[in-house]
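Here are a few exercises to work through with the model on screen. Try each task yourself before you read its solution.

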Amino acid sequence: AQWTQEGGRIYGNLTGMAFCCDLQGRLQWVRRQIWISPREDRDWPRQWMQPPLLADNRLLVAQPGVKAVECLDPETGRLLWRRVLSD
């Protein structure tokens, strides 16, 4: 799992999901991502865990097993755009 704290919120990603919770751990939103198991993805070991990046009121999320970078609305978790990564 990787996470970023900004103000009164924690934004994180973990095994095919992105989420937001408050500092007491109360879930604000959760979003399922298209995740590929390490057994099915030979490139999995070359991928890096990275904490979500919050910039200009956008949340950028990327993680091993998810072949895309997603841009989310940090307030709602709504998908703004997705860029599928090639091999």
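Predicted model: local features only at pLDDT ≥ 70, side-chain atom pairs only at ≥ 80, totals over all residues.

**Exercise 1. Cys 21: buried or exposed, and how far is its sulfur from the closest cysteine sulfur?**

Step 1: Start with the cut-offs: buried means under 20% relative accessible area, exposed means over 50%, and partly exposed is in between (1.4 Å probe, protein chains only). Cys 21 has 10% relative accessibility, so it counts as buried.

Step 2: Now look for a partner. The closest cysteine sulfur belongs to Cys 20, and at 6.5 Å it's too far for a bond. A disulfide here is a pair of cysteine sulfur atoms within 2.5 Å.

Residues are numbered from 1 along each chain as its sequence is written, and side-chain values use heavy atoms, with hydrogens and water left out.

**Exercise 2. How many helices and strands does the chain have?**

Step 1: Helices (H or I, at least four residues) and strands (E, at least two) are DSSP runs, numbered from the N terminus. The count is 0 helices and 8 strands.

Step 2: Reading along the sequence gives β-β-β-β-β-β-β-β.

Step 3: Take β7 (residues 68-72) and β8 (residues 79-84). They pair in the antiparallel sense over 5 bridges; pairing needs at least two DSSP bridges between the strands.

Step 4: Follow the chain from β7 to β8. The two strands form a hairpin with 6 residues between them, and Gly 77 in the turn has a positive phi of about 80 degrees.

**Exercise 3. Which residues make up the largest nonpolar core?**

Step 1: A nonpolar core is a set of buried Ala, Val, Leu, Ile, Met, Phe, Trp, Tyr and Cys residues joined through side-chain atoms within 4.5 Å. The largest one has 7 residues: Tyr 11, Ala 18, Cys 20, Trp 29, Leu 59, Val 61 and Leu 72.

Step 2: Which elements give two or more residues to this core? They're β3 (17-22) and β6 (58-61).

Step 3: Zoom in on Tyr 11. Leaving aside residues up to four places away in sequence, its contacts (heavy atoms within 4.5 Å) include Cys 20, Trp 29, Leu 59 and Pro 74.

**Exercise 4. What do the side chains of Asp 22 and Arg 9 reach?**

Step 1: Asp 22 lies in strand β3, and Arg 9 lies in strand β2 (residues 9-14). Asp 22 is buried at 11% relative accessible area, and Arg 9 is buried at 18%.

Step 2: A polar contact is a pair of N or O atoms within 3.5 Å; within protein, one must be able to donate a hydrogen and the other to accept it, and residues adjacent in sequence count only if both atoms are side-chain atoms. The Asp 22 side chain reaches the backbone nitrogen of Gln 24 at 3.0 Å, and a 2.8 Å polar contact joins it to the side chain of Arg 26.

Step 3: For Arg 9, a polar side-chain atom lies 3.1 Å from the backbone oxygen of Pro 74. Arg 9 also touches Asp 22.
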